[in-house]
Amino acid sequence: MISISFEKFSDQHCEKSALALFCDGANFIHDEYYQQLNNLLQGRLEKAVSMQEFNGVTGQSLQLIAPTDSIAQLHLIGCGAKDKSTVSDIIRLQHAGSDAFQALRETKIKNAKAYFIIPQTLAEQSASIALGARLKAYNFSLYQSDKKEIYPQEISILLPQNASLTQIEAQWAEFEALSEGVYLARNLVSEPANVLYPESFRARIEALEPLGLEIDVLDRAAMASLGFGALLGVAQGSNKPPYTVIIRYQGATDKDEAPLAFIGKGVTFDSGGISIKPAAGMEDMKTDMGGAAAVVGLMSVLARRKAKINAIGVVGLVENMVSGDAQRPGDVVKSYSGLTIEVQNTDAEGRLVLADLLSYTKDKYAPSLMVNLATLTGAIVVALGTDYAGLFSNDSTLSTELKQAGEKAGEKLWPMPMGESYNRRIDSDIADMKNIGGRPGSSILAAEFLKRFVGDTSWAHLDIAGTAWCDKAGPCIPKGASGFGVQLLNQFVADREH
Ligand code: BES
Ligand code: ZN
Ligand code: ZN
């Protein structure tokens with residue numbers, strides 16, 4: 001993980017340095033650091049700025065390699081709002097931090113410390129710039145013998161003399177906790193399924209106990225005696241034993257305050273089961289535990305930043321495989337709630353796992369609300385692509401709060417419809433319901449299925465099948481696992497803390 005520190009700007013930082021100067025819209029030419037550097041470069045900075053038509057909006061950057069004997073490289077990074085920008089200030093600055101990191105990386109500085117120069121007006125938001133750089137700097141090279149090191153590995157954020165370092169460092173401590181949770185979620189999603197299976201996933205969660213989290217585990221026998229027939233049906237084709245892991249965090253002053261509950265689909269590999277998936281792309285199904293990864297990442301953030309709230313995370317860890325013992329299409333299983341399910345398609349397994357988790361969490365922990373995250377349907381990828389996750393809820397206030405948290409945190413949600421006529425489509429001829437109901441609107445049918453297990457509890461379901469994994473890099477995200485959900489839910493929790 002790259003290291004980030006904060007210090008006050010001084011002239012000597014301009015010696016043998018890789019510098020990134022943040023430019024806030026067109027006004028940057030009046031900024032004292034810009035002027036100081038322009039003087040040092042004898043006016044050539046101004047010339048470059050006008051030749052390149054650089055005007056300081058996000059997404060723009062300008063680079064000068066070895067512009068003086070003392071400066072190794074200098075980047076101007078735009079962080080000003082574009083006209084009619086819909087992105088919040090904080091996200092804009094995160095993106096600029098990510099752009100600066102990327103610019104420095106592409107010019108291949110090795111073993112050099114980089115300096116980000118933050119002008120006066122941006123001192124307060126400098127922690128957001130640092131967060132953007134940290135999130136962009138993630139890489140997963142555990143299994144490459146020729147490891148691609150990430151440079152720069154050290155960034156120092158240079159602040160104006162009148163900035164309050166203590167305030168900024170306190171803000172950074174919160175963001176650092178957040179970045180660690182996002183990294184944790186990304187690591188879990190990136191791991192191949194022969195390394196990360198229910199038991200090893202459980203062990204990684206247990207390793208978080210020292211942060212101040214209480215971990216309870218339900219093994220196969222415990223789940224069988226509770227009657228988790230829906231979850232266990234999914235697990236029965238695999239040699240890997242399933243687990244439900246409950247992560248408890250108590251940070252509220254009133255320890256008896258009802259917790260917020262976050263529930264994650266943790267299918268460590270989804271072959272489809274007997275309703276087997278096509279070979280092409282099946283390798284991506286190692287990411288089918290992205291919901292559980294986000295829940296674990298989130299719980300780690302809450303503990304690290306000592307959030308003043310009670311929360312529980314519940315993840316169902318199973319592998320969906322094919323074998324002589326595997327569940328068959330047409331099987332009927334009995335869920336923890338008592339409701340019976342005709343499993344018409346063994347590849348619609350996520351909802352079966354979540355069904356037991358949702359009703360168990362509701363009964364056992366009486367949470368004030370439940371939010372579940374799941375890579376649940378291919379259809380949500382068709383509907384929303386990779387920019388928005390699907391948001392389904394039985395509570396319009398909760399839905400609005402989540403959507404707003406997503407906008408603030410840069411992990412966007414789009415509200416999807418629900419309703420009785422959809423719900424009727426999963427009625428079964430032989431059981432209380434079936435787990436599929438035809439292709440049209442099938443993401444909604446999956447949500448309607450879950451809804452049957454939440455009772456009157458305020459509930460939302462985030463279908464993150466399109467957002468958990470990125471085929472190409474985006475702002476603050478390298479190609480691969482995004483950790484989607486950690487930032488959004490941390491924001492959602494933070495908004496409820498005060
Ligand atoms: N894990 C998949 C959904 C998925 C698809 C996640 C693409 C990430 C990327 C889920 O278990 C699944 O297979 N869903 C089926 C449901 C269908 C059988 C009703 C689907 O979406 O095709
Ligand atoms: Zn599936
Ligand atoms: Zn799945």
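Trainee: Let's start with a helix. Which residues of helix α2 are buried?

Mentor: Keep in mind that we are looking at a predicted model. An α-helix has 3.6 residues a turn, so residues three or four places apart point the same way. In α2, which spans residues 44-51, the buried residues are Leu45, Ala48 and Val49. Looking down the axis of α2, these residues fall within an arc of 100°, so they line one face of the helix.

Trainee: And which exposed residues sit on the face of α2 turned away from the buried side?

Mentor: That face carries Lys47, Ser50 and Met51.

Trainee: What do the buried residues of α2 pack against?

Mentor: They pack against helix α1 (32-40) and the strands β3 (61-65) and β4 (71-78). Have a look just after α2, too: Glu53 takes a positive phi of about 50° there.

Trainee: Where is Thr58 found, and is Thr58 buried or exposed?

Mentor: Thr58 is in the loop between α2 and β3. A residue counts as buried when its relative accessible area is under 20%. Thr58 has 12%, so it is buried. Beyond its neighbours in sequence, Thr58 touches several residues, including Gly78, Cys79, Arg92 and His95.

Trainee: What about the zinc ion (ligand 3): which residues coordinate it?

Mentor: Here you find Lys265 (NZ), Asp270 (OD), Asp288 (OD) and Glu349 (OE), lying 2.0 to 2.4 Å away. This site is octahedral, with angles of 77 to 172° among its 6 donor atoms. Asp288 lies in the loop between β9 (260-270) and α9 (290-304), while Glu349 lies in the loop between β12 (340-343) and α10 (350-365), so the pair ties together parts that are 61 residues apart in sequence.

Trainee: How far apart are the zinc ion (ligand 2) and the zinc ion (ligand 3), and which residue bridges them?

Mentor: They lie 3.2 Å apart, and Asp270 is the bridge.

Trainee: Which residues does Glu349 touch?

Mentor: Leaving out residues up to four places away in sequence, Glu349 touches Val234, Lys265, Val267, Asp270, Asp288 and Asn320. With Lys265 there is also a polar contact between the two side chains, at 3.1 Å. Asp288 has contacts of its own, among them Gly266 and Thr375.

Trainee: Which residues does the UniProt annotation "binding site" cover?

Mentor: According to that unreviewed entry, the annotation covers Lys265, Asp270, Asp288 and Glu349. These residues are spread over 85 residues of sequence, yet they cluster in space, with a largest C-alpha distance of 11.2 Å.

Note on methods:
Residues numbered from 1 in each chain as written. Chains lettered and ligands numbered in written order. Predicted model: local features only at pLDDT ≥ 70, side-chain atom pairs only at ≥ 80, totals over all residues. Heavy atoms only, no water. Buried < 20%, exposed > 50% of the residue type's maximum accessible area, 1.4 Å probe, protein only. Helix = DSSP H or I, 4+ residues; strand = E, 2+ residues; numbered from the N terminus. Arc of directions from axis to C-beta. Contact = heavy atoms within 4.5 Å. Donors = N, O, S within 2.8 Å, 3.2 Å for Na, K, Ca; no water. Tetrahedral: all angles 85-135°; square planar, octahedral: opposite > 155°, others 65-115°. UniProt positions renumbered as here; feature names shortened; annotations may be inferred. Polar contact = N/O pair within 3.5 Å; in protein donor to acceptor, adjacent residues only side chain to side chain.
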